Number of protein chains: 2
Amino acid sequence: MSIVYIIPLFGLIALLFTAIQSAWVSRQEAGNERMTEIAKHIAEGAMAFLKAEYKILTYFVIIAALLLGYMGYSHHNSDWTIALAFVIGAIFSATAGFIGMKIATKANVRTAHAARTSLAKALKVSFTGGSVMGMGVAGLAVLGLGGLFLILKSYFGAEANTAEMIKTIEVLTGFSLGAESIALFARVGGGIYTKAADVGADLVGKVEAGIPEDDPRNPATIADNVGDNVGDVAGMGADLFGSYVATVLATMVLGAETSSSNDNFGGLAPVLLPMFIAGIGIVLSIIGTFFVRIGENAGLNTSAVQRALNMGNWGSIILTAIVGYFAVNWILPETMTLRGHEFTRNGVFGAIIVGLVVGTLMSIITEYYTAMGKRPVQSIIRQSSTGHATNIIGGLAIGMESTLLPIIVLAAGIYGSFACAGLYGVAIAAAGMMATTAMQLAIDAFGPIADNAGGIAEMSELPKEVREKTDILDAVGNTTAATGKGFAIASAALTALALFAAYVGVVNSNHYRMDGINIYKADVLAGLFIGAMIPFIFSSLAIRAVGQAAMSMVEEVRRQFRTIPGIMEGTGKPEYDKCVAISTEASIKKMLLPGAIAITSPLIIGFVFGPEVLGGFLAGATVSGVLMGMFQNNAGGAWDNAKKSFEKGVEINGEVFYKKSDPHKASVTGDTVGDPFKDTSGPSMNILIKLMSIVSLVIAPTLAELHGNGAAMVKKERPVKVEQTAGVTTASTKATAMLR
Amino acid sequence: MSIVYIIPLFGLIALLFTAIQSAWVSRQEAGNERMTEIAKHIAEGAMAFLKAEYKILTYFVIIAALLLGYMGYSHHNSDWTIALAFVIGAIFSATAGFIGMKIATKANVRTAHAARTSLAKALKVSFTGGSVMGMGVAGLAVLGLGGLFLILKSYFGAEANTAEMIKTIEVLTGFSLGAESIALFARVGGGIYTKAADVGADLVGKVEAGIPEDDPRNPATIADNVGDNVGDVAGMGADLFGSYVATVLATMVLGAETSSSNDNFGGLAPVLLPMFIAGIGIVLSIIGTFFVRIGENAGLNTSAVQRALNMGNWGSIILTAIVGYFAVNWILPETMTLRGHEFTRNGVFGAIIVGLVVGTLMSIITEYYTAMGKRPVQSIIRQSSTGHATNIIGGLAIGMESTLLPIIVLAAGIYGSFACAGLYGVAIAAAGMMATTAMQLAIDAFGPIADNAGGIAEMSELPKEVREKTDILDAVGNTTAATGKGFAIASAALTALALFAAYVGVVNSNHYRMDGINIYKADVLAGLFIGAMIPFIFSSLAIRAVGQAAMSMVEEVRRQFRTIPGIMEGTGKPEYDKCVAISTEASIKKMLLPGAIAITSPLIIGFVFGPEVLGGFLAGATVSGVLMGMFQNNAGGAWDNAKKSFEKGVEINGEVFYKKSDPHKASVTGDTVGDPFKDTSGPSMNILIKLMSIVSLVIAPTLAELHGNGAAMVKKERPVKVEQTAGVTTASTKATAMLR
């Protein structure tokens, strides 16, 4: 049983690595006075956002904790400590965000300075910054989940297949809910922040005042750079932190239901496996980071950098596959049974491979649809030649088309992982895919650091060759941002599915019997419709929030241009903090309504219409959320790169067009439409579908009691594993048959 | 039993009315030589499209009929005559389209001429034209369905609750499939046609050559006017013909499964009711048409016209509700049972009311989201002031938001109609809503006739006051087009749901036992995902088809401008027919791939993965199709009216903007993006979801046999109504419980 103690250790290793790397970054030189001053503005802006966000979060967390605590207290399958777990989850997620923001706002200026020396050095600084974020997130997640499990297990005295174990894991769902709540604020609020600042700065700076991007005279420029950190670092980090925790947790829920005859871990093997894989994944990601390097003499092009990142990524994926094989064989018994479905440990390994393949394919497909030079982006470029409208039509068509392959991959993944190891397979596939989260995040967070470094180089008027190097990193960062989004939505989808699988298990208790979620029932079908509509209304609100916040930003910048003397000549100092405050306030205010929809809609559906209708609702929301997420992310990414393609000139029907040409102007329209798509509403879908699933999972025991349909006559604590009695078809074998 | 003979009579009454009204329209004067010449071009273009369409349809129908005939022949629950029913359905639907096009291309020029006299006269001509279409569709549908039922019933010697009755109704599904196949060609092909011509004509005419809309020098202008007929008359007609037939049929399928103890119609009462209501609805719609009139002295504004149409619409809806009450009480027994669920005839009447309310609310909500002067359109106008991108963002946000209320209405409708009368209630609600189809179509078809009349007045250089009157009719037509789209998508959604309900009933046979569609099974969930993706890829293809076809049109117009001497001076004659041919060819070629997806995807899913996965697939496709349909229809409609608002001038932040201003240009971009949304991909969703459901229903018996799970041990022909045996929970009571 010592494995239970080992798991939190993996988390500590990650945090140790985080501290070492973070210290290394801090030791690097930050450059001249101008650079440090700008960096200070950005860092302060970022912290101002976090402070404002954490303030409102505190209220939210306290109220939610009280409600949760009461619910846990009054329900025999849960405990008041779920409130504590929730608070810890929220704090851990917020801490991960804090670490990421802190390091990103340090690494940006140091990357700019390193770029004065060499591309290799600049890559090293920016990627190390990214890996601090990655390891911080993974470390805190594993430490939190593993540590809490250890504590709760001994607090409740929980052993395998007991009511205490069910309670332990139910309380752990509070941790996951806490993490995902922070993700809501970070991803949705952050998404609104970054695009309000970006669109606002562009509209009034580039268009009205005619000054270039990242010009220090533009009061919104700092807010814009802060936005990169808020949205792409903290938002993405919290998103993946939430997915990571939720997948492991969902697998544990199903693992606790799984039984076998010869388990070397006291019946807990299937519960421990996902945590162990997450832990070992950290070590493998650390090893992977050492692959990410280029020679001092590497040419000034993106391919070497891209290859280095790919090496790190592929390295950790392949290592996870190999080590996963041994881990599964060491921990799991030969065969196990979950809800009457028997599966083998080889099957479980197969499911992990399915998860890794799904994650990889999703990233590759996303890259194809958003990469420069490929057919989708080329088609948008061609359609820019006939104007704004055809550019938009082209992008929308590409976005819709881009759902085809990922959905087939996802559906095949569900099918394949279930074929390998039943519902446990679906969940462990997600956990396997998330095992390399630390590496994925390191690669993701590297992008905005490089982007910021470029901005600082520009604002500090560093020599042109510095900007060239940061541009190379930035270009690679755009690709990794796209693949990262593919990974994030895939992880969200698999997480939601794993939670969905766990949900039915938790609902089935001694109060409630649910054989499945039958959309042939009118009320469940109505739930499916309502659920599928939520992502549309959520997207609508998120998109509109960006528009309104950008307008406030425009007005503030106009006011400063009008009232601050000498601002355009560079002698008057713009009030950056005012713009930062506007973005901060708008983002937090505007995310309340969509956030409230995400949290309260499953509560209403569940309490009023019961667990099965809620199941239909969740399925509808997940399916539609995944589709809307892909549609919006990919359309936005493709528009962005179509616009960027004009910088080097593009050939349309034999004619070459550059920036400022009419087709370029049309492409700018597409990019502006795509901004909220790809950075606000699209990524918000991840949070939406996960949050609704985790809320449902948390309230599942209460719902089962409230809508009890008298299954209490079955005497076992978990009435799922009743054997077939000859001749009489019992309810449970029926359920078994349905879950074949 | 004489009621069986009465039903086809209703169809004959409608056709008689059609003939009388049609003759009246033909007798009206067609105006001067120029007008008749232009009208001739349009009529010829429309017929050229129909000819090309029917040619390819012939191949399709023959091949599909052979396959169907073989399937019917080799399956004991079906019969080879299903091929005949299919062919008849196709011919009837095509005939309805032909009648509609014929009358629309006659009524347009006569409306223009009538507008020289008075608005009242112009309304009378155009609405009479529309009602010919409406009555033609309804009449052919009721005659075809009622007549075939009569013939098949005596051919098979079918009585209630016999295998022969099941066979009779199974063969009738062929009629519905035939009708819906034509709808695919008419709606999707027609949608591509109309927008290719419209966008192509605008791009090269208005933008490049600087000549106004409907200018006779533009070679694409006839194609544009033909498009209005092809898309809005024939497309809409075929769409509603399909919905009408399918809802009645689905209710009959469920009715055949329903049993009662004292049925005055030999056990057939629930089968006959939907046909009878459809028939009586025709009579009530005829009565309704008499309400549609305005005084000769009515002022030149839209309100009188709108009020007249509303009178007709409300009149027939209220009459349907009243007569429905008596019909239900006359035909149905006091209580009935379907799959263990007992319901009363009062419940059935309640469900009909639910259907009428749902249809009405959907129309009202759609109108709100697309009407000038209301909040949604106003918000898009405001966002046009900051450019193309914000206009697009505004429209997309409105489109997404517009799904909220209709989905809640729809979900409540499902819930409510089920609560009233179980699954039979869901189906009869749809049938009740469709009872006023004749009136709905009359109002719908009136719009494009008025639109065309305006075009003819413009091209014939009639006095300004003529154009003023046609403009009033056209403006009302835009509103009715929006509400018509709301009605059409609501009807498609309810139709798909009714078919979905029928599908499970048909699958459950002596070969296959399906207790429901459990999305908790991994394969069914995968099916749900794949299904939900189909509307996205279908929309993508439809949108892209418009873009490509419009490009061909642009090239042809450019060629004519270049090579025909004197074309711009009005001395050279443009080759209208070449443009018509391009639109025709492109529309038919480009609809093959999306059409093939719609037809083959349920076949593949069903045959490879079985009936339950196909059920999940259908649910996913329906949910996502309804959402994408509303999103695209309403975004497109709102953009259109935002643009139109500039014609009279709009106030944004205290400043008034007119046509040619920058905000107006931004609004034109939105309108162009919205064109394929609202007239091609959006309405195509109706066909997509219905066609996939009807294909599934047709193959259901074959699937049940192919994927047989040994339910054959149950000895009855339809093993659904087995009673509970004390102490032992049998499969069928289980199913009963699930369908509570």
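In the model, 60 residues of chain A are in contact with 60 residues of chain B. On the chain A side, the elements that contribute two or more residues are helix 11 (388–401), helix 12 (404–434), helix 15 (522–563), helix 18 (611–645), helix 19 (662–706) and helix 20 (731–738). Helix 15 of chain A supplies the largest share of that side, 16 residues. By residue type, the side of chain A that touches chain B divides into 40 nonpolar, 15 polar and five charged.

Before going further, here is a word on confidence. The model scores ipTM 0.91 and pTM 0.92. Chain A averages a pLDDT of 87, and 95% of its residues score at least 70. One stretch calls for care: over residues 712–740 of chain A, pLDDT stays under 50, although the model has 41 contacts beyond four places in sequence for these residues. Where pLDDT is low, the predicted coordinates should not be read in detail. Please keep that in mind for helix 20 of chain A, which spans residues 731–738 and is among the elements on the side that touches chain B.

Now let's turn to another helix pair in chain A. Helix 2 (residues 33–73) and helix 5 (residues 163–209) of chain A pack at an angle of about 145°, with their axes 11 Å apart. Here too the crossing is right-handed. From helix 2 of chain A come Phe49(A), Glu53(A), Leu57(A), Phe60(A), Ala64(A) and Leu68(A), and they meet Gly174(A), Ser181(A), Ile182(A), Phe185(A), Gly189(A) and Tyr193(A) in helix 5 of chain A. Those residues divide into eight nonpolar, three polar and one charged.

Over in chain B, helix 5 (residues 163–209) holds Glu208(B). With 13 other C-beta atoms within 10 Å, Glu208(B) is partly exposed. Its C-alpha lies 9.9 Å from that of Val554(B), although 346 residues separate the pair in sequence.

Helix 11 (residues 388–401) of chain B has 14 residues and spans 20 Å from its first C-alpha to its last, close to the 20 Å expected at 1.5 Å a residue. Of its 14 residues, 14 are buried. Further along chain B, Gly615(B) sits in helix 18 (residues 611–645). Gly615(B) is buried because 30 other C-beta atoms lie within 10 Å. Leaving aside neighbours within four places in sequence, Gly615(B) is in contact with Tyr503(B), Val504(B) and Ile517(B). The C-alpha atoms of Gly615(B) and Leu525(B) are 10.0 Å apart in space, while the two residues are 90 apart in sequence.

The loops have something to show as well. Arg339(A) lies between strand 1 (335–338) and strand 2 (341–344) of chain A. Its phi is near 45°, a positive value in a residue other than glycine. Arg339(A) counts as buried because it has 24 C-beta neighbours inside 10 Å. Glu461(B), found in the loop between helix 13 (437–459) and helix 14 (464–507) of chain B, has a positive phi of about 55° although it is not a glycine. Glu461(B), however, counts as exposed, because it has 11 C-beta neighbours inside 10 Å.

With 12 C-beta neighbours inside 10 Å, Glu647(A) counts as exposed. Between the C-alpha atoms of Glu647(A) and Ile588(A) there are 35 Å, and the two residues are 59 apart along the chain.

Terms used
Residues numbered from 1 in each chain as written. Chains lettered and ligands numbered in written order. Predicted model: local features only at pLDDT ≥ 70, side-chain atom pairs only at ≥ 80, totals over all residues. pLDDT = per-residue confidence, 0-100. Contact = placed C-beta atoms within 7 Å. Axes fitted to C-alpha atoms, helices over the stretch in contact; angles between N-to-C directions. Helix = DSSP H or I, 4+ residues; strand = E, 2+ residues; numbered from the N terminus. Left-handed = near helix turned anticlockwise from the far one by under 90°. Nonpolar A, V, L, I, M, F, W, Y, C, P; charged D, E, K, R; others polar. Buried ≥ 20, exposed ≤ 12 C-beta atoms within 10 Å, placed from the backbone. Expected span 1.5 Å × (residues − 1).
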